[in-house]
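Dear colleague,

Please find below the structure that I am handing over to you, followed by an account of what was found in it. I would be grateful if you could read the notes alongside the coordinates.

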Protein chains: 2
Amino acid sequence: MKIAVIGTGMVGRAFVTRLTGLGHDVVLGTRDPQATLARTEPDHLGTPPLSTWFADNPDARLVTMAEAGAHGEVVINATAGAHAIAALELVGAENLAGKVLLDLSLPLDLSAGWPPRLSVANDDSLGEQIQRAFPDARVVKTLNTVQYETMLDPARLPGRHNLFVSGDDADAKKAVTQLLGEFGWPADVVIDLGDITTARATEMYSRLLFTLQVHFGDFDTNIALVRPAK
Amino acid sequence: MKIAVIGTGMVGRAFVTRLTGLGHDVVLGTRDPQATLARTEPDHLGTPPLSTWFADNPDARLVTMAEAGAHGEVVINATAGAHAIAALELVGAENLAGKVLLDLSLPLDLSAGWPPRLSVANDDSLGEQIQRAFPDARVVKTLNTVQYETMLDPARLPGRHNLFVSGDDADAKKAVTQLLGEFGWPADVVIDLGDITTARATEMYSRLLFTLQVHFGDFDTNIALVRPAK
């Protein structure tokens, strides 16, 4: 499948490697490919420059946001939430129209320390903001409840554990669930919470995820729903 | 132990029955005991009048908020979150001073429909508001991630599943964890998230809990933390 990954941080890079390994036709979108490749120092988060990653992923294709949008049948938003809408505007509303837009970002605001507050919560969500900004895109919020390594390899954690999807388009959720299956998530652990407003639930859950990160000292926690025996 | 339960709804009643069954010396606090007992109709939530419940719990003791505060070594806030601080003001700051105040309430605002929004979230929490309003109380936020029947009988759900405590006072959290043990929660499933600001995590989690209630049609869900095998 033709897939565009938006965002060149650790998350976007890991998605490109994994999706390419699964046989997909993947491009990685960035604002200015030349400038991104020219960097030789880690960024402010300590992420090594992309050129380092390219040494291990020589076949990866770095393209502009708009080229990525034109390429992808599925577009994966792996940007930091604060930049998500600006980045997707560069991808282009016309390129996103009718496409599955898998949004895994969280609206983190680091200005008040750690664990991060959310820039939007309770009465709205980043998933809804993105769907409103790109009404013709078929937004599916998912994967935002686990760390990126777990997103791409759920068997890192033992046994059954759950994931959620939110979105207005049933077929788009089906397509995303299929892709999650390729990553290793069995279909029956993926809970369809409902329309895109249910993204509030998983985005607000992130406060617990980050609080547990402080408690355990790592991000290696997911949750399994526990229900009465039938 | 002398325990005061504040709030005569389904949650408060269930706590009185369970705690009495465990051998504790329990009172149930309400604004106006005579008026509460005189009611013969269900309330606006459909809760049967307290007089009906008394038929099955003839030894229960209904007292004023202030009498409840004077009685309890541990005070359990089982009021609806919107009324929590007003109710606790009637219990009395002087009665709460030095006491363990187990707060299981959620700041639900039903005005925008279901699932409920929170009246406070993200930058503050009801747990923190209560601690600020009663600085000499030893507030412990817990149990707010499960439905009240599960609070009091975790074996309703199979296997291991988790609960959280938040609070500034380590001894108060220890006392609460002990009480949770009497309900059936093993100490090692109770995660101490940290100080009272971590109540934001579990209060914000409630959006997922209520969204799952819509999905499954019941409140019988808890979560188990899934972590890498050691």
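Between chain A and chain B there are 4 salt bridges. In one of these, the side chain of A:R117 meets that of B:D123, with an N to O distance of 2.5 Å. Please bear in mind that this is a predicted model, and that every value quoted here is computed from it.

Polar contacts also cross the interface of chain A and chain B: 15 residue pairs qualify, with both residues at pLDDT 80 or more. On the side of chain A that touches chain B, at least two residues come from each of β7 (117–118), β10 (190–194), α10 (199–216) and β11 (222–226). The greatest contribution to that side is made by α10(A), which gives 10 residues. Sorted by class, the side of chain A that touches chain B comprises 19 nonpolar, 10 charged and 7 polar residues.

As to the extent of the contact, 36 residues of chain A and 36 residues of chain B take part. The area buried between the two chains is about 3300 Å², and carbon and sulfur atoms account for 64% of this area. Three residues, A:R207, A:V226 and A:R227, supply 21% of the area that chain A buries against chain B, more than any other three residues.

Strand pairing also links the two chains. β11(A) pairs with strand β11 (residues 222–226) of chain B in the antiparallel sense, over 5 bridges. Within this pairing, A:A224 stands opposite B:A224 of β11(B).

I turn now to chain A itself, and to strand β4 (residues 74–77). Which strands pair with β4(A)? One is strand β1 (residues 2–6) of chain A, which runs parallel to β4(A) and is joined to it by 4 bridges. Another is strand β5 (residues 100–103) of chain A, also parallel to β4(A) and also joined to it by 4 bridges.

A:V75 takes part in both pairings: A:V75 is the bridge partner of A:A4, and A:L101 in β5(A) is the bridge partner of A:V75.

Are the residues of β4(A) buried or exposed? A:V74, A:V75, A:I76 and A:N77 are all buried. A:V74 and A:I76 point one way from the strand, whereas A:V75 and A:N77 point the other way.

With kind regards

Notes:
Residues are numbered from 1 along each chain as its sequence is written. Chains are lettered from A and ligands numbered from 1 in the order in which they are written. This is a predicted model: local features need pLDDT of at least 70, side-chain atom pairs count only at pLDDT 80 or more; totals for chains, interfaces and linings use all residues. Side-chain values use heavy atoms; hydrogens and water are left out. Contact means heavy atoms within 4.5 Å. Buried area is the accessible area (1.4 Å probe) that two parts lose on being put together, summed over both. A polar contact is a pair of N or O atoms within 3.5 Å; within protein, one must be able to donate a hydrogen and the other to accept it, and residues adjacent in sequence count only if both atoms are side-chain atoms. Ala, Val, Leu, Ile, Met, Phe, Trp, Tyr, Cys and Pro count as nonpolar, Asp, Glu, Lys and Arg as charged, and the others, Gly among them, as polar. Two strands pair if DSSP finds at least two bridges between them. Buried means under 20% relative accessible area, exposed over 50%, partly exposed in between (1.4 Å probe, protein chains only).
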